[in-house]
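Good morning, and thank you for making time on the agenda. I should like to take the group through one structure, with the working definitions stated as we go.

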Amino acid sequence: AEIYLVSRYGIRARSTVLQWADTFKRLDRRAGHMQAVKDPASGEALLLFQDSKVDEFFSGRIYIMNHENEGKLTKGERLPKLKEVQFYTLAFFDIDKDGDSEWIGLGEESRLYVWDKQGEVLWRGDKHLGGTNNAIALGDAEPGEPPPRIAFNTRLLITDIDGDGKREILAIKNIPLVEHVVNFKVYTKSLLIVYRIEEGQRLSPAWTTGDIDWCLTDMQAQGQTLFLAAQKGKVITITKGSGCIMWFE
């Protein structure tokens, strides 16, 4: 669960880790970002952490958290430096089947990246992806100007979407009402782009959906069913936002 720790000095993220055993038990709570990611082939799960400071909302390197026997979480292995990676989009998967998983996520200019274990870029897409109504305005700005917009783009989904026995990578591209305004973005439409994993650690766009009249905020797959969490942003304060969950067999 993500909440925001507010002090007179600014805002930073705080994360809480809960364990379910007939009831919820709190294992950890600390300043910073956490998310659980899972390799869809091996089933290996990792808990990732990135710090958050009042002057830098996403701060420093990303770590894999260790879960000790008594339930205490500690920082473990540090991930390689993944330039401008967006924390909540990060996934890992052994795309070339060599026994070492690669890191996949949105990076510089919200393009799709594949990095190796050392952080070297193996492939970079040419499309600008992501976009979301889940954002906060935070930081210093010139007088009369709004603070910089910090967006929380959604995760990628790695699944066999077409039933051919091979996993594909699904990415969301949300479409803003007004395209070229940096600090005012309301996303009203979206589409999904499916990438096929090719030889040589490359991805290639396989197909794209038509426009969906919602801003997509998350997606999950269960068997052959794709679940999408969607939201309609409000343009002015007198309108109401709304949300829904849709699924496709």
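I shall speak about confidence, then strand pairing, then aromatic contacts.

The model is a predicted one, in which local features need pLDDT of at least 70 and side-chain atom pairs count only at pLDDT 80 or more, while totals for chains, interfaces and linings use all residues. Residues are numbered from 1 along each chain as its sequence is written, and side-chain values use heavy atoms, with hydrogens and water left out.

Let me begin with confidence. pLDDT is the predictor's confidence in each residue, on a scale from 0 to 100. The protein chain averages 86, and 88% of the residues score at least 70. Where is confidence lowest, and where highest? The lowest mean, 45, belongs to strand E1 (residues 2-7), and the highest, 96, to E10. Over residues 1-9 pLDDT stays under 50, and the model has 26 contacts beyond four places in sequence for them; a contact means heavy atoms within 4.5 Å. Where pLDDT is low, the predicted coordinates should not be read in detail.

Next, the strands. Strands here are DSSP runs of E with at least two residues, numbered from the N terminus, and two strands pair if DSSP finds at least two bridges between them. E4 and strand E5 (residues 45-53) run antiparallel and are joined by six bridges; Met-34 stands opposite Phe-49 in E5. The face of Phe-49 also has Arg-30 over it, at 5.9 Å from the ring centre. The criterion for a charge over a ring is NZ of Lys or CZ of Arg within 6 Å of the ring centre and within 35 degrees of the ring normal.

I turn now to E10. Tyr-113 is the bridge partner of Gly-105 and stands opposite Arg-124 in E11. Both pairings are hairpins: five residues separate E9 from E10, with Glu-109 in the turn at a positive phi of about 60°, and five separate E10 from E11, with Gly-119 in the turn at about 90°. From E10, Leu-112 and Val-114 point one way, Tyr-113 and Trp-115 the other, and all are buried, meaning under 20% relative accessible area, where over 50% is exposed and anything in between partly exposed (1.4 Å probe, protein chains only).

Finally, the aromatic rings. Rings of Phe, Tyr and Trp (its six-membered ring) pair if their centres lie within 6.5 Å; planes under 30 degrees apart count as stacked, over 60 as edge-to-face and the rest as tilted. The whole structure contains eleven such pairs. The ring centres of Trp-20 and Phe-24 are 4.9 Å apart and their planes at 65°, so this pair is edge-to-face. Tyr-88 and Phe-152 are also edge-to-face, at 6.3 Å centre to centre and 65° between the planes. These two residues lie 64 residues apart, and both are buried. Together with Phe-57, Phe-58 and Phe-87, they form one aromatic cluster.

Note on methods:
Helices (H or I, at least four residues) and strands (E, at least two) are DSSP runs, numbered from the N terminus.
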